[in-house]
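Hello,

Here is the structure I promised to pass on. My notes on the helix packing and the chain contact follow it.

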Amino acid sequence: MKELSLNILDIAENSVKAKAPLTQIILTESEDLLTIEIIDNGCGMTSDIVKKVIDPFYTTRTTRKVGLGIPFFKMEAEQTGGTFEIESKAESEFPNDHGTKIKATFHKDHIDFIPLGDVVSTVTTLIQGHPDSDFLFRHVTPKGEVFLDTREIKNELGGVSLAEYEVIKWIEEYIKEQYQSI
Amino acid sequence: MTVAEFAEKYSMEVLSMPEPAREIKGGYMGDLLSWVMGRAQADQAWITIMSNQNIIAVASLVDVACIILAEDVRLDESITENAKAKGVNVLTTKEPAFEVACQLSKEI
């Protein structure tokens, strides 16, 4: 993909499909590294399935025989000299502590590094598409931090849906303002 | 022209040829896999320099006639085996991608 933010969107959509009440997207940047973590508390996967999702010929969809979200993400990290890890605990084996954690590290100064792109759109698209799920977004940079937790916003708003246009616009502006101030 | 005929005529090395009689009906050149996935068409020959296992998945999904690896790019044996198992033809040549495209244009 041309932007890593599109990969993040694709993988976080898997978390929502796995019925995760909370999906965390955590970006940590240093001078030369970008680490992207996507952590959910959804139904998780058994170790057999984890091995398969790295295989580009596996998918949870039935419409095609290949699933490329995770294989592409892994390739994009590794082509910068970075790393990719996936850990998962299936609900069937860990009823009280289940979910999936994906962590990819990118060398930002490598010529094959794909830019992060519009991560604000990724976050607002996820929230608008899945207002009943919760998302935590944190982007730590050497200059400062951007943070959003939909659970906090829901507490403030009472019963108003996060998919409402005014609400999603406000969330977008709120994140953008934080980026401008760091 | 079939994939086997094209490989023979331009002295390309065959890495995987489970479907030698596939007809080449066009060409596509690109290395950004998600882009290729959305734009390449079935029955085209896909010219690339990428060599990870994802190219086999993209080729299978798009149903290209073959992958042509330019500039003598080679595949790990496990990837070649997977290509054969998934019915994906893969050729390799020392020529750069542009030259391969020129060769293709003479035949289609």
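**Helix packing around α1(A)**

The crossing of α1(A) and α3(A) is left-handed (the near helix is turned anticlockwise from the far one by less than a right angle; clockwise would be right-handed). This is a predicted model: local features need pLDDT of at least 70, side-chain atom pairs count only at pLDDT 80 or more, and totals for chains, interfaces and linings use all residues. Residues are numbered from 1 along each chain as its sequence is written, while chains are lettered from A and ligands numbered from 1 in the order in which they are written.

Helices here are DSSP runs (H or I, at least four residues), numbered from the N terminus. α1 of chain A covers residues 4–17 and α3 of chain A residues 69–78. They pack at an angle of about 140 degrees, with axes 10 Å apart. Axes are lines fitted to C-alpha atoms over the stretch in contact, and angles run from 0 to 180 degrees between N-to-C directions. The pair is therefore oblique (under 35 degrees is roughly parallel, over 145 roughly antiparallel, 65 to 115 roughly perpendicular, the rest oblique).

α4(A), residues 119–129, packs against α1(A) at about 20 degrees, with the axes 8 Å apart. These two are therefore roughly parallel. Their crossing is right-handed.

**Contact between chains**

Chain A gives 10 residues to the contact and chain B nine (in contact means C-beta atoms, placed from the backbone, within 7 Å). On the chain A side, eight are nonpolar, none polar and two charged (Ala, Val, Leu, Ile, Met, Phe, Trp, Tyr, Cys and Pro count as nonpolar, Asp, Glu, Lys and Arg as charged, the others, Gly among them, as polar).

Best wishes

Terms used:
Contact = placed C-beta atoms within 7 Å.
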